[in-house]
Amino acid sequence: MDIELILNSFPKLLSASVTTLKLLSVSMIIGLFIGLFFAIMRIKNNIFLGKLAYAYSYIFRGTPLLVQIFIIYYGFGQVEYIRESFLWVILKEPYWCAIIAFALNTGAYTSEILRSAFQTIKPGFIEAGKSLGVPNKIIFYKIQIPIAIRQSLPAYGNEIILMLKGTSLASTVTLMDLTGVAKFIISTTFKPIEVFIIAGSIYLFITFIIHNLIKALEKKYSF
Amino acid sequence: MIKKFSIGLLFSLFLTISANADKIRIGTEGAYPPWNSKDASGKLIGFEVELAWALCRYIGQQCEIVEQDWDGMIPALQMRKFDAIMAGMSITDERKKVITFSQGYADEVASLAVMKGSDLEGMDTPEGINLSLGGGSVNKALKTLTGALAGKTVCTQTGTIHQNFLESGDVGKVNVRTYKTQDDVNLDLASGRCDVALAAAVAFTDYAEKSGKPVILVGPTFSGGAFGNGVGVGLRQASQLGGTLGERDAQLLNKFNKAIDQARKDGVISRLAIKHFGFDASM
């Protein structure tokens with residue numbers, strides 16, 4: 001164990017975890033909207049929209065995140081048509097390629113989580129609203145959505161933690177996130193054990209915080 | 001009868017173990033053509049793969065070539081996943097702190113590359129600079145490069161002499177982007193995400209030839225300084241481990257040095273270099 005290396009690389013890895021958290025939060029927020037959008041498509045009784053949303057979730061849950069990020073980053077970069085279009089402004093940047101891949105991936109899982117949450121709402125809640133003459137829109141926003149969010153909190157907390165670990169793939173498209181910087185330090189010191197132990201501990205610490213935040217939210221919104 | 005049989009079994013077991021212990025395992029990346037790469041069927045090919053077999057014949061021991069990602073090459077050697085590195089690894093002072101090298105067997109120059117039509121084409125620099133020599137023309141060339149590279153995204157492979165050079169400050173503060181393999185660097189150079197890339201000159205000419213993409217070399221070729229002193233066989237430092245294992249590592253260094261001497265004398269290194277590089281890169 002090289003204690004000096006551990007002390008030296010700790011601050012570098014800590015500042016790299018800011019990039020990791022940025023990637024995580026931006027993609028989770030975009031992914032949440034995507035997930036909500038597709039979940040609503042699934043519960044509306046429209047066969048075409050439902051199938052479309054199902055196909056999306058099926059494709060993104062059924063392929064590895066690494067493959068998705070490679071297709072978006074290296075794959076699209078090879079297509080001349082895309083390179084000459086306005087899309088290239090975004091796809092040129094590794095940061096946005098990673099965000100797109102992460103958001104689409106977590107969006108697929110989120111849509112499943114929210115869909116099942118919507119479907120488990122007891123019909124009695126909705127009927128109670130209807131019998132009071134509450135408009136359908138208000139029932140949806142004030143009754144269905146809040147209950148669905150509460151129902152899906154434990155599963156969604158899990159998804160955040162899975163995505164946190166997923167962000168480590170950003171280093172494969174040249175981003176200097178926690179894993180990227182860890183690999184960089186190893187490439188000059190040739191000591192993987194020390195560096196990966198610290199990087200792993202930082203990931204563990206972030207997981208610990210996310211876990212407890214979700215737990216607190218669950219408690220707050222329990223009924 | 002059973003006793004005899006089990007002794008025989010033990011003996012043959014011992015033989016296989018010692019035979020295995022005598023096998024030299026050589027680690028290579030398999031992703032840095034023409035130094036080392038893989039053919040369509042996944043078989044390791046290239047200059048160093050053929051040279052490794054030749055050196056093993058001179059040493060007179062069995063060999064096995066092991067594939068290893070570049071970024072884990074030195075740690076894998078130290079953890080005894082293999083006994084020697086032959087992966088286009090240049091002999092540098094930084095690496096010598098953790099491993100040892102045989103004498104060099106080949107030398108290459110590094111070069112910048114751009115896509116045709118880049119504004120870096122036609123840079124006014126000498127044909128080649130040797131950073132170890134220094135002097136006025138080298139300083140002038142570095143100054144030209146500093147100006148040319150400012151604001152550009154320069155791509156290179158992680159943990160290479162090329163990355164070290166770009167981060168040394170010799171060409172100012174450069175926006176460096178690093179990749180796991182040279183293939184990834186080539187892809188992003190072609191896509192336009194990289195304005196310019198730095199690697200072994202042969203890595204670019206090989207890519208240009210095989211892909212048909214208009215990749216062209218610009219600026220001077222680099223040698224010396226951060227670019228090291230040729231490519232050699234990377235080995236564990238014998239002092240890292242005493243006892244028989246340390247002894248074996250020390251012997252391996254001698255064996256490789258002798259084998260390289262013989263291969264050079266017989267013209268084997270030159271012949272293989274011309275076959276794979278198109279010119280005599282042996283040293």
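What follows is a short chat about a predicted two-chain model.

User: What kind of model is this, and which residues and atoms count?
Analyst: The model is predicted; local features need pLDDT of at least 70, side-chain atom pairs count only at pLDDT 80 or more, and totals for chains, interfaces and linings use all residues. Residues are numbered from 1 along each chain as its sequence is written, chains are lettered from A and ligands numbered from 1 in the order in which they are written, and side-chain values use heavy atoms, with hydrogens and water left out.

User: OK, chain A. How many helices and strands?
Analyst: Chain A has ten helices and zero strands. Helices (H or I, at least four residues) and strands (E, at least two) are DSSP runs, numbered from the N terminus.

User: And what box do the C-alpha atoms of chain A fill?
Analyst: Roughly 70 × 50 × 25 Å, taken along the principal axes.

User: How much of chain A is buried?
Analyst: Of its 223 residues, 44% are buried. Buried means under 20% relative accessible area, exposed over 50%, partly exposed in between (1.4 Å probe, protein chains only).

User: What about the accessible surface of chain A?
Analyst: It comes to about 12,200 Å², and 71% of that belongs to carbon and sulfur atoms. The areas come from the Shrake-Rupley method with a 1.4 Å probe; for residues, only the protein chains shown count as cover.

User: How far apart are the mean positions of the charges in chain A?
Analyst: The 20 positive and 11 negative charges have mean positions 13 Å apart. Lys and Arg count as positive and Asp and Glu as negative, while His and the chain ends are not counted. The place of a charge is taken as NZ of Lys, CZ of Arg, CG of Asp or CD of Glu.

User: Which residues other than glycine have positive phi in chain A?
Analyst: Thr174(A) is one, with phi near 70 degrees. Phe190(A) is another, with phi near 60 degrees.

User: Where do they sit, and are they buried or exposed?
Analyst: Thr174(A) lies in the loop between helix H8 (136–166) and helix H9 (178–189) of chain A, and is buried at a relative accessible area of 10%. Phe190(A) lies in the loop between H9 and helix H10 (192–220) of chain A; Phe190(A) is buried, with a relative accessible area of 10%.

User: Switching to chain B. What's the secondary structure?
Analyst: Chain B has ten helices and 13 strands. Its C-alpha atoms fill a box of roughly 85 × 40 × 35 Å along the principal axes, and buried residues make up 51% of its 283 residues.

User: How about surface and charges in chain B?
Analyst: Chain B exposes about 13,000 Å², with carbon and sulfur atoms supplying 55% of it. There are 30 positive and 31 negative side chains, and the centres of the two sets lie 7 Å apart.

User: What is the strand order in the sheet of five strands?
Analyst: The order is S4-S1-S5-S13-S6 (chain B), in an open sheet with mixed pairing. Strands pair if DSSP finds at least two bridges between them.

User: Which strands stand at the edges?
Analyst: Strand S4 (63–67) and strand S6 (99–106) of chain B each have a single partner strand, so one side of each is left without a neighbour in the sheet.

User: What packs on that sheet?
Analyst: Helix H9 (residues 243–265) of chain B, which touches strand S1 (24–28), S5, S6 and S13 of chain B, with its direction at about 5 degrees to that of S6(B). Contact means heavy atoms within 4.5 Å. Axes are lines fitted to C-alpha atoms, for helices over the stretch in contact, and angles run from 0 to 180 degrees between N-to-C directions.

User: And the sheet of six strands? What's its order?
Analyst: S8-S12-S7-S11-S9-S10 (chain B), again open with mixed pairing. Its edge strands are strand S8 (128–130) and strand S10 (175–179) of chain B. The twist averages 30 degrees from one strand to the next.

User: How do S8(B) and S12(B) pair?
Analyst: They pair in the parallel sense over three bridges, with S12 covering residues 215–223 of chain B. The bridge partner of Ile129(B) in S12(B) is Phe222(B). S7(B) runs antiparallel to S12(B), joined by five bridges.

User: Last one: where is the cis peptide bond?
Analyst: Between Pro33(B) and Pro34(B), with omega about 0 degrees. Pro34(B) is in the loop between S1 and strand S2 (37–38) of chain B.
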